[in-house]
Amino acid sequence: MAYSMKKGYQLPNEGNHEATICGVEILEDEVITVKGKKKTSDIIQVDFQTENGKARGRYFPLLVEESPLGKVVMAINEGEIPEEIDDVEQFLMNQDLIIEVKHNKSKETGRIFANVVNAYPLEEYEEEEFDLDTDDDLEDGYPDDDIDIDFEDSYDEEEMDFDED
C-alpha cells in the first residue's frame with residue numbers, strides 16, 4: 001500500500017468554525033515588531049483544531065475584554081475574565097469555542113496564514129445569529145421559515161380581475 005504526502009498543511013477556510021484548543025505555548029522574550037519598532041514581549045501561542053485544519057493565534061498576555069486573548073478567555077469562561085489564571089496551559093487546553101478565521105499572506109515569503117481574529121462562546125454561536133447547523137434547517141436548499149404555500153391550489157377565475165383589451 002502506497003502512502004502519499006502533500007507539501008504544506010490544510011488551512012481552515014475564512015469564516016467562523018467550531019474549534020478545540022489543541023496546543024498552548026508560552027513564548028518568553030519573543031522579538032516582535034510593533035509599529036515598525038522591534039521589542040521583546042512574552043507571547044501566548046494558542047493552536048486551534050477545526051474540522052478543516054489548524055489555525056494559530058499569538059496573543060499578548062493581556063486579560064481585558066477588548067484584547068484578543070481576553071475574547072478567547074471570555075468565550076470559554078462564560079463571558080467572564082478571571083482576576084488571575086495560575087496555569088494558562090491547563091486553563092485553555094481542550095476548550096471548545098467558535099473562532100473567526102481570516103487569511104493573511106506574508107509579504108516576504110508569500111506563505112498564507114490562517115489568523116484567528118475573533119472568538120465566540122460555543123453556546124452563543126449555536127443559539128444566536130451564527131447557525132452552524134444550516135443543513136438541518138434547510139429543505140431542498142431553502143430555509144425553513146414556516147411558510148405554508150400550497151402550489152396545488154387552483155384559483156377561481158372569477159375572483160381574478162384582469163383587464164383585457
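Q: What is a salt bridge?
A: A salt bridge is a side-chain nitrogen of Lys or Arg within 4 Å of a carboxyl oxygen of Asp or Glu. Side chains of opposite charge can pair when their charged atoms come close. One case here is Arg58 with Glu30, at 3.7 Å from N to O. Keep in mind that this is a predicted model, where local features need pLDDT of at least 70, side-chain atom pairs count only at pLDDT 80 or more, and totals for chains, interfaces and linings use all residues. Residues are numbered from 1 along each chain as its sequence is written, and side-chain values use heavy atoms, with hydrogens and water left out.

Q: Which parts does the pair of Arg58 and Glu30 tie together?
A: Strands (E, at least two residues) and helices (H or I, at least four) are DSSP runs, numbered from the N terminus. Arg58 sits in strand S3 (residues 53-59) and Glu30 in strand S1 (residues 15-34), so the pair links parts 28 residues apart in sequence.

Q: How many salt bridges does the structure hold?
A: Two. Arg56 and Asp47 also meet in one, at 2.6 Å from N to O.

Q: How many residues of helix H1 are buried?
A: Seven of the nine in H1 (residues 68-76), among them Leu69, Val72 and Ile76. Just after H1, Glu78 takes a positive phi of about 55 degrees.

Note on methods
Buried < 20%, exposed > 50% of the residue type's maximum accessible area, 1.4 Å probe, protein only.
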